[in-house]
Amino acid sequence: MLTQANPAELPVYARLALQPERGAGATVVGADGRRFLDLYGGHAVAVSGHCHPRVVAAIREQAERLLFYSNAVPLASRDRLLTILAEMAPKPLDQVFLVNSGAEANDVALQLARRTTGRRRIVVLEGGFHGRTLATLAASGIQRYRDLADSSGGQALLDLTVVAPWDRPERLPALIDETIAGVIVEPVQGLAGARDVGAETLRTLRRACDAAGAVLIFDEVQCGCGRTGAFTAAQATGVTPDVLTLAKGIAAGLPMGAVLLAPRIARQVAQGDLGTTFGGGPLPCAAAAANLEVIRDEDLPGRALVLERRLRRGLADLRAVRSISGRGLLLGVVLDRPARPVQLALFERSILVGSANDPSVLRLLPPLVLTDGEADHFIAALHEVLS
Ligand SMILES: Cc1ncc(COP(=O)(O)O)c(C=O)c1O
């Protein structure tokens, strides 16, 4: 299943033996013409499917007029994105800073939590992953990434991070005192294995942050943009953070991250405090505006819930499946065996699924436009592989 990397490239990725040339909906087609059913979604990016015609048209139309201008000017495509984002995002998170990736969005969120409170310490949940800048590595709840922060000179940041249990809400309030600048949490932990932190824990964090004057940050880089059955997990659970980050699914594959801020945080940010060259550029903004319109107009969050029920029902009676974790279309199939050979066997059957930090979990993060027939095809293939 794995292929040799190009010798000119740093060998940091294990590459699949598939070179996608085209994509449509939940299908990707390799250079050799082989068609794959994509339940990995290009790493949760293809929320509206691969190459949705409305998104492609918006990109083409923008590219023909203007590829780039910076934040020195207002842009119609940026305005269009901000308008639809304000309509779809949880209230009152109506102030937005646009960046280029999930890690950058979270890095900004952590900076603002520290700057606006004048405090330094951050609480993270065990299993949380927030990106690969030095500050976000140090804010991971997975030891492997904390070790990378350590060996990269991030000891001071690590010392300012408290790792809290992800599944023991009763332990959280004691950890969130008046020395804490902020708490960062993925409402559904992606890399950990599609673990749903749950509304009760999020409510506990909300109350504890309010009591301590700390900033609550939801990292919805992976679970946001409709995947949990609402535009954000904040809306799905009814718990509103002070800062919410989006990336992956927001611009259908063009690089973009967004930091959504409550007015009480935004009020403390002055001109010049943040900046980026490419963030908020015309091309990703045109793509993101069209993509969010598709998510709204096709009710893709509603579709995620329908498909979640179908997948859960279809996989429930498999003996090798211990449980199904997650929410909406960010699901973990927890197996009674290592997931890697199962992932390989599915690849042989032309189906792409994700893995997770937990070696027994297959992670499903398909496009929300997956059809019933495609979901059933995956269910049948998994039955075959596991029996
Ligand atoms: C929850 C979460 N946060 C942050 C990131 C980092 O995003 P990016 O790779 O766009 O920097 C990821 C990427 O996998 C993620 O899943």
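Which hand does the crossing of helix 13 and helix 15 have, right-handed or left-handed?

**View 1. Packing of helix 13 against helix 15 in the predicted model.** Helix 13, which spans residues 300-316, packs on helix 15, residues 372-386, at an angle of about 25°, and their axes lie 10 Å apart. Because angles under 35 degrees count as roughly parallel, helix 13 is described as roughly parallel to helix 15. The crossing of helix 13 and helix 15 is right-handed. On the helix 13 side the contact is made by Arg303, Leu307, Arg310, Leu311, Gly314 and Leu315, and on the helix 15 side by Asp372, Ala375, Asp376, Phe378, Ile379, Leu382 and His383. Sorted by class, this contact of helix 13 with helix 15 holds seven nonpolar, two polar and four charged residues.

**View 2. Packing of helix 2 against helix 12.** Helix 2 (residues 53-65) and helix 12 (residues 282-297) pack with their axes 8 Å apart and at an angle of about 155°. Since an angle over 145 degrees counts as roughly antiparallel, helix 2 and helix 12 are therefore roughly antiparallel to each other. The crossing of helix 2 and helix 12 is right-handed. Helix 2 brings Arg54, Val55, Ala58, Ile59, Gln62 and Ala63 to the contact, where they meet Pro282, Leu283, Ala286, Ala287, Ala290, Asn291, Glu293, Val294 and Asp297 of helix 12. The residues of this contact of helix 2 with helix 12 comprise 10 nonpolar, two polar and three charged.

View 3. Strand 17 pairs with strand 5, residues 35-38, in the parallel sense over two bridges. Within the view, leucine 37 stands opposite isoleucine 351 of strand 17. In general, strands of a sheet pair through backbone hydrogen bonds, either parallel or antiparallel.

**View 4. Domain 1 and domain 2.** The domain assignment of the protein gives domain 1 as residues 1-52 and domain 2 as residues 85-271. Taken over C-alpha atoms, the centres of domain 1 and domain 2 are separated by 29 Å. The contact between the two takes five residues from domain 1 and seven residues from domain 2.

Methods: Residues are numbered from 1 along each chain as its sequence is written. This is a predicted model: local features need pLDDT of at least 70, side-chain atom pairs count only at pLDDT 80 or more; totals for chains, interfaces and linings use all residues. Side-chain values use heavy atoms; hydrogens and water are left out. Axes are lines fitted to C-alpha atoms, for helices over the stretch in contact, and angles run from 0 to 180 degrees between N-to-C directions. Helices (H or I, at least four residues) and strands (E, at least two) are DSSP runs, numbered from the N terminus. Angles under 35 degrees count as roughly parallel, over 145 as roughly antiparallel, 65 to 115 as roughly perpendicular and the rest as oblique. A crossing is left-handed if the near helix is turned anticlockwise from the far one by less than a right angle, and right-handed if clockwise. Contact means heavy atoms within 4.5 Å. Ala, Val, Leu, Ile, Met, Phe, Trp, Tyr, Cys and Pro count as nonpolar, Asp, Glu, Lys and Arg as charged, and the others, Gly among them, as polar. Two strands pair if DSSP finds at least two bridges between them. Domain bounds come from an automatic or database domain assignment.
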